[in-house]
Amino acid sequence: MRSMDMMEHIVTHSRRVCQVAACIAENLNHQSRQPNLKLVIASALLHDITKTRSFKTGENHAVTGARLLERLGYREVADIVRQHVRLDTYSASDSITEAEIVNYADKRVLHDQVVGLNERKDYIFEKYGKTPENRNRLNWLWKETKHLEGRIFQHMPFDPEQLPDYLTTPPVPAG
Ligand SMILES: [Fe+2]
């Protein structure tokens, strides 16, 4: 994170996403397969690794972040980072993957605050929903994210709006 010169507010955002993702991974009461907590933490912390640079270059930071991490040898982390904006597949499966946890956690954090999906959606629409095509794409994404929330919280001991009360793990230090 240091070598990529990440802006301070993106580091703070990443730490909060990490806290939310870890909380979900730890509380997920899964029958078949528990998520890999270390993989969730690493991927959440690094999900916006090239975002600071993208402000100058206009690059797709999900794609280039994944490429960077893959080059460093972190293939599993790269695969999750690549899918943090949009998942490759929106499945109906009962089992929840690490990529789904990180993708969802990022949609519950606005800057450094934990918010509901609707609040985050309003912000994203205002920022990225300038054209009808973009708004259509975002509407589709949000419908799928709402569905993902339902799938995740089937396995959780609390409701989506109670999430802030369960964030016991302190944010992971950046350095
Ligand atoms: Fe991002």
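This is a predicted model: local features need pLDDT of at least 70, side-chain atom pairs count only at pLDDT 80 or more; totals for chains, interfaces and linings use all residues.
Colleague: What is the secondary structure, and in what order do the elements run?
Modeller: The protein has eight helices and two strands. From the N terminus the order is α-α-α-α-α-α-β-β-α-α.

Colleague: How do you know that the radius of gyration agrees with a compact globule?
Modeller: For 175 residues, a compact globule would have a value near 16 Å, and the protein has 15 Å, so the two agree. Along the principal axes, the C-alpha atoms fill a box of roughly 45 × 40 × 25 Å.

Colleague: What share of the residues is buried, and what share of the contacts joins residues at least 24 apart?
Modeller: Of the 175 residues, 32% count as buried. Among contacts between residues at least 6 apart in sequence, 63% join residues at least 24 apart.

Colleague: What makes Arg 15 buried or exposed?
Modeller: The cut-off for buried is 20 or more other C-beta atoms within 10 Å. Arg 15 has 20 C-beta neighbours inside 10 Å, so Arg 15 counts as buried. Arg 15 sits in helix α1.

Colleague: Which residues of the largest nonpolar core touch the most other members?
Modeller: Ala 21, Ala 44, Ile 101 and Ala 105 do, in a core of 32 residues. At least two core residues come from each of α1 (8–27), α2, α4, α5 and α6. The largest share is that of α1, with eight residues.

Colleague: What does Ala 105 contact, leaving aside its neighbours within four places in sequence?
Modeller: Ala 105 is in contact with Val 17, Val 20, Ala 21, Ile 24 and Ala 44.

Colleague: Which residues of α5 are buried, and what covers them?
Modeller: In α5 (residues 75–82), Val 77, Ala 78, Ile 80, Val 81 and Arg 82 are buried. Their cover includes α2 (37–46), α4 (61–71) and α6 (98–106).

Colleague: Why is the packing of α4 and α5 called roughly antiparallel?
Modeller: Their angle is about 180°, and their axes lie 8 Å apart. Angles over 145 degrees count as roughly antiparallel. That makes α4 roughly antiparallel to α5.

Colleague: Which residues meet there, and how many are nonpolar, polar and charged?
Modeller: From α4 come Ala 62, Val 63, Gly 65, Ala 66, Leu 69 and Glu 70. They meet Arg 75, Val 77, Ala 78, Asp 79, Val 81 and Arg 82 in α5. The contact divides into seven nonpolar residues, one polar and four charged.

Colleague: What is the phi of Asp 5, and where is Asp 5 found?
Modeller: Phi of Asp 5 is near 55°, a positive value in a residue other than glycine. Asp 5 is in the segment before α1.

Colleague: Where is His 111, and what is its phi?
Modeller: His 111 lies in the loop between β1 (109–110) and β2 (113–114). Its phi is positive, about 55°, although His 111 is not a glycine.

Colleague: What decides whether His 111 is buried or exposed?
Modeller: The cut-off for exposed is again 12 or fewer. His 111 has 11 other C-beta atoms within 10 Å, so His 111 is exposed.

Definitions and conventions:
Residues are numbered from 1 along each chain as its sequence is written. Helices (H or I, at least four residues) and strands (E, at least two) are DSSP runs, numbered from the N terminus. Two residues are in contact if their C-beta atoms, placed from the backbone, lie within 7 Å. The radius of gyration is taken over C-alpha atoms; the globule rule is 2.2 Å times the number of residues to the power 0.38. Axes are lines fitted to C-alpha atoms, for helices over the stretch in contact, and angles run from 0 to 180 degrees between N-to-C directions. Angles under 35 degrees count as roughly parallel, over 145 as roughly antiparallel, 65 to 115 as roughly perpendicular and the rest as oblique. Ala, Val, Leu, Ile, Met, Phe, Trp, Tyr, Cys and Pro count as nonpolar, Asp, Glu, Lys and Arg as charged, and the others, Gly among them, as polar. A nonpolar core is a set of buried Ala, Val, Leu, Ile, Met, Phe, Trp, Tyr and Cys residues joined through C-beta atoms within 7 Å.
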